[in-house]
Amino acid sequence: MLDKKVADLLNTQVNKEFYSAYLYLQFANFYVEKGLNGFANWYRVQAQEERDHATLMIQYLQNNDMPVTFEAIDKPDASLQTVMDPLKAGLVHEQYVTGLIHTIYDAAYQAKDFRTMQYLDWFVKEQGEEETNASDLVKKMELFGSDPKSLYMLDQEMAARVYAAPSLVL
């Protein structure tokens, strides 16, 4: 049976993942307003990934006969002024989410819940990818974002991102 503390943390994380999706949709809207539809696409795809993360956690809780509780999702509060702001805020947010996943993993470890630890291994790896992607976006914008032609090319690169469903099987 799933440890109650671990289940509670997973339930909280479901809502954090939905918040992440809201936040990334805010970023997408910001980029649409700036005429950077490629960056908007990148963050719409990112929002879909976050919703899928929440859905995977919901399914895991349900598979373990644990109730799922949906809480109110906070309004995204990122202050966005420049085209760099969402990228930097995204990196900080992914680092925050990594910490949340590590907290759940630690609780599962303390409870000797090896099945949940194995399940969370996918999310630990995923967060490594998320942080790398966010960091790479910041670096690319620092390198190319001040030149309009380079920014245009970077926006085209972001427009090419397509959604890929998670590879985690429950």
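The legends below describe close-up views of a predicted model. Local features need pLDDT of at least 70 and side-chain atom pairs count only at pLDDT 80 or more, while totals for chains, interfaces and linings use all residues. Residues are numbered from 1 along each chain as its sequence is written, and side-chain values use heavy atoms, with hydrogens and water left out.

**View 1. The largest nonpolar core has 24 residues.** A nonpolar core is a set of buried Ala, Val, Leu, Ile, Met, Phe, Trp, Tyr and Cys residues joined through side-chain atoms within 4.5 Å. Buried means under 20% relative accessible area, exposed over 50%, and partly exposed in between (1.4 Å probe, protein chains only). The members that touch the most other members are Phe27, Tyr31, Phe39, Tyr43 and Leu87. Two or more residues each come from helix H1 (4-33), helix H2 (37-63), helix H4 (114-144) and helix H5 (148-159). Helices (H or I, at least four residues) are DSSP runs, numbered from the N terminus. H1 gives the largest share of this core, eight residues. Another core, of 23 residues, lies apart from it and includes Leu2, Ile58, Val97 and Ala108.

**View 2. Contacts of Leu87.** Contact means heavy atoms within 4.5 Å. With neighbours within four places in sequence left aside, Leu87 is in contact with Tyr31, Phe39, Tyr43, Leu137, Val138 and Met141.

**View 3. H2 packs with helix H3 (residues 85-110).** The angle is about 15° and the axes are 13 Å apart. Axes are lines fitted to C-alpha atoms, for helices over the stretch in contact, and angles run from 0 to 180 degrees between N-to-C directions. H2 and H3 are therefore roughly parallel to each other; angles under 35 degrees count as roughly parallel, over 145 as roughly antiparallel, 65 to 115 as roughly perpendicular and the rest as oblique. The crossing of H2 past H3 is left-handed, a term used if the near helix is turned anticlockwise from the far one by less than a right angle. From H2, Phe39, Tyr43, Gln46, Glu50 and Met57 meet Pro86, Leu87, Glu94 and Ile101 of H3. This contact has six nonpolar, one polar and two charged residues. Ala, Val, Leu, Ile, Met, Phe, Trp, Tyr, Cys and Pro count as nonpolar, Asp, Glu, Lys and Arg as charged, and the others, Gly among them, as polar.

**View 4. Glu94 is a residue of helix H3.** Glu94 has a relative accessible area of 2% and is therefore buried. Not counting residues up to four places away in sequence, Glu94 touches Tyr24, Gln46, Glu50, Gln127, Glu130 and Glu131.

**View 5. H2 packs with H4 at an angle of about 170°.** Their axes are 13 Å apart, and the angle makes H2 roughly antiparallel to H4. Residues of H2 that meet H4 include Trp42, His53 and Tyr60, and those on the H4 side include Arg115, Trp122 and Asn133. The contact has eleven nonpolar, four polar and five charged residues.

**View 6. H1 crosses H2 at roughly 165°.** The two axes come within 8 Å, and H1 is roughly antiparallel to H2. The contact has 20 nonpolar, six polar and four charged residues.

**View 7. Asp65 and Lys112 in loops.** Asp65 lies in the loop between H2 and H3 and has a positive phi of about 55° although it is not a glycine. Its relative accessibility is 70%, so Asp65 counts as exposed. Lys112, in the loop between H3 and H4, also has a positive phi of about 55° and is not a glycine. Lys112 is exposed, with a relative accessible area of 61%.
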